[in-house]
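Reader: I would like to go through this model by question and answer. Please keep it brisk and give the cut-offs.

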Amino acid sequence: MSEIMTDGQGMALAAEGITVKLRSNAKITWEKFLQHKLAVVASLFLLTLAALCFLAPLIAPFEFDAIDLANIRKPPSAKHLLGTDALGRDLLTRLLYGGRISITIGLTAAMLGTAIGTLIGSMAGYFGGRIDNLLMRLTDLAYSIPTLPLIIVISSYSNTQAVGIVMIIGFFSWMQTSRVVRGAILSVKENEYVTAARALGSKDRLIIVRHVLPNISNSIIVGATLGVGNAIITESSLSFLGLGVSPPTPTWGNMLMDSQATMSSQPWLTIFPGMAILLTVLCVNFIGDGLQDALDPTL
Amino acid sequence: MLDKQAKLLEVRGLKKHFSVGGGLFKKASLVQAVNGLDFDIYQGETLGLVGESGCGKSTAGRTILQLYKPTAGSILYDGVDITALDRKAMLEYRRKLQIIFQDPYSSLNPRLTVGNIIAEPLMIHHGDMSRQDRLDFAKELLMKVNLDPSFVNRYPHEFSGGQRQRIGIARALAVEPEFIVCDEPISALDVSVQAQVVTLMEELQDTMNLTYLFIAHDLSMVRHISDRVAVMYLGKIVELADRDEIYEKPQHPYTKALLRAIPVPDPIYAEANPIQPLEGEVPSPIHPPQGCYFSPRCPLAQPICHEQSPEYVEKSPRHFCACHMV
């Protein structure tokens with residue numbers, strides 16, 4: 001045995017003498033995420049923003065539907081920090097209340113869409129053959145349906161509460177993810193570690209969860225981060241058509257839509273909700289970036 | 001001496017065909033990767049399986065392990081036909097039959113630590129084992145393959161090819177197998193590292209009483225490790241005999257050509273005896289030639305060779321060959 005011990009540094013230590021603690025993957029990932037400065041800043045910012053929005057009833061200076069006809073379309077001032085809208089409602093207050101719905105819809109609808117897309121894409125890619133054909137034709141079908149008109153039809157028959165909107169957006173935003181996931185899995189499943197797992201008798205479910213999905217997490221995370229922005233925008237389109245969350249309840253989307261006509265004369269009505277959406281999507285992207293790096297052990 | 005030993009594995013008429021390129025409006029063509037294999041593997045021996053790239057040797061190994069469903073034929077392991085088993089019954093045999101891969105890079109999941117990679121077989125087969133016990137077992141296995149047990153926390157990319165190959169071996173050993181298909185385990189390694197890995201495999205064979213099917217295309221390494229050697233050409237075994245017999249008294253013209261092509265590390269000899277390569281290419285396994293598959297390239301081919309497929313028979317004791325001219 002001694003002649004082939006070239007890479008057994010420290011072999012003198014007996015196995016039982018060494019106390020190696022197995023660091024859990026979650027802990028390693030968390031430590032690496034904390035090293036990604038931009039992602040940490042983005043997480044803190046987003047958490048703060050979300051906290052402010054969800055505490056809106058406690059901290060907002062006005063009621064979100066308090067109409068003040070004496071002070072309509074006022075630019076930012078000491079009394080109304082971000083100005084007022086066409087009905088004299090305080091923009092800051094509406095932004096905070098609107099964030100509750102927009103952030104919730106953005107994150108949950110994107111999660112739902114990503115979950116459905118990952119499930120369908122991984123089954124199609126992993127099992128291949130007939131299952132692949134069936135699921136991919138289903139994806140093509142879902143893709144070829146013009147989404148917006150269909151969403152309009154569905155939402156006009158269902159309640160337009162936030163939960164309904166999340167469902168509708170989630171169920172119509174999984175196709176891209178499923179295609180990307182399928183493609184990534186087609187290449188990952190050819191790796192010999194997948195064959196090794198099969199030779200060891202692993203169940204398909206375990207192979208997908210343990211060996212395949214972690215190796216395509218990049219594609220999934222990218223899809224999910226894009227999904228957040230898309231969901232917020234889709235909600236605003238629905239609001240614009242009067243099918244989203246109904247007024248007077250504010251969302252960033254319907255605030256942005258309401259301000260379109262007066263974009264040049266009262267730009268603050270457009271800029272602030274726009275910035276809110278932009279910053280949220282940007283933060284989610286940075287967090288996604290950090291997550292990708294943290295999950296990759298080679299970095 | 002070997003014929004007194006028990007047969008561990010009996011392969012009978014094993015075929016594996018793949019259909020490729022089929023579509024909605026296109027008929028799939030059939031790749032006859034493995035086209036009728038008959039051989040036995042004895043308890044404790046190493047059977048070398050050699051052949052050119054694409055001759056179906058890896059497919060044969062993987063079909064024996066039921067990683068591919070065979071198109072035809074049977075595989076008897078200890079007398080039980082494992083091709084007929086359902087998933088659950090097969091799980092017991094998954095512990096007994098293992099595989100070591102060629103590519104030490106794609107055979108280890110880059111997202112898992114070495115400890116988790118080696119402990120995975122225990123998760124599947126010993127679900128009641130505690131995390132700590134699995135980790136201790138993984139450390140023991142690392143020692144067995146001459147690696148530092150503290151490597152359990154590291155990731156595969158931190159290791160060299162030879163070290164990775166040892167990790168792959170440790171994973172296969174975790175289930176305490178009886179039979180291991182070694183799918184070109186050293187072809188991707190440096191020559192100096194090859195010897196180390198082969199030595200390790202030989203040691204493990206002695207201590208753990210393993211039986212190997214050693215797939216390779218390096219004839220000198222196969223001669224070193226094998227007890228018997230089988231030569232494959234286009235999905236069929238053309239010759240199978242004891243190691244020294246096949247290297248010293250080859251019968252099949254293809255085996256002879258392969259042996260002539262072994263490079264000699266002596267420039268003066270090499271210059272005086274230039275290698276005469278075989279004419280032509282290996283035919284496509286989609287359209288194998290009529291008669292003997294080797295006939296289009298065979299220097300001895302007669303009319304019968306182009307018409308009739310030769311039978312694979314025991315030409316002399318323990319020496320099987322498929323050739324009309326022998």
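Author: In helix 9 (residues 253-260) of chain B, Pro253(B), Tyr254(B), Thr255(B) and Leu258(B) are buried. Buried means 20 or more other C-beta atoms within 10 Å of the residue's own, exposed means 12 or fewer, partly exposed lies in between, and C-beta atoms are placed from the backbone. Helices (H or I, at least four residues) and strands (E, at least two) are DSSP runs numbered from the N terminus. The model is predicted: local features need pLDDT of at least 70, side-chain atom pairs count only at pLDDT 80 or more, and totals for chains, interfaces and linings use all residues. Residues are numbered from 1 along each chain as its sequence is written, while chains are lettered from A and ligands numbered from 1 in the order in which they are written.

Reader: What do the buried residues of helix 9 of chain B pack against?

Author: Contact here means C-beta atoms, placed from the backbone, within 7 Å. The partners are all in chain B: helix 7 (219-225), strand 9 (228-233), strand 10 (236-242) and helix 8 (243-248).

Reader: How many bridges join strand 1 to strand 4 of chain B?

Author: Strand 1 covers residues 7-20 and strand 4 covers residues 72-77. Lys15(B) stands opposite Ala72(B) in strand 4 of chain B. The two strands run antiparallel, and the bridges number 5.

Reader: Which residues touch the most other members of the largest nonpolar core?

Author: A nonpolar core is a set of buried Ala, Val, Leu, Ile, Met, Phe, Trp, Tyr and Cys residues joined through C-beta atoms within 7 Å. The largest one has 147 residues, and the two that touch the most other members are Phe214(B) and Val231(B).

Reader: Is Asp78(B) buried, exposed or partly exposed?

Author: Asp78(B) sits in the loop between strand 4 and strand 5 of chain B. Its phi is positive, about 55 degrees, although Asp78(B) is not a glycine. With 15 C-beta neighbours inside 10 Å, Asp78(B) counts as partly exposed.

Reader: And what does Asn146(B) count as?

Author: Asn146(B) lies in the loop between helix 4 (131-144) and helix 5 (161-173) of chain B. Asn146(B) has 21 C-beta neighbours inside 10 Å, so the residue counts as buried.

Definitions and conventions: Pairing = 2+ DSSP bridges. Contact = placed C-beta atoms within 7 Å.
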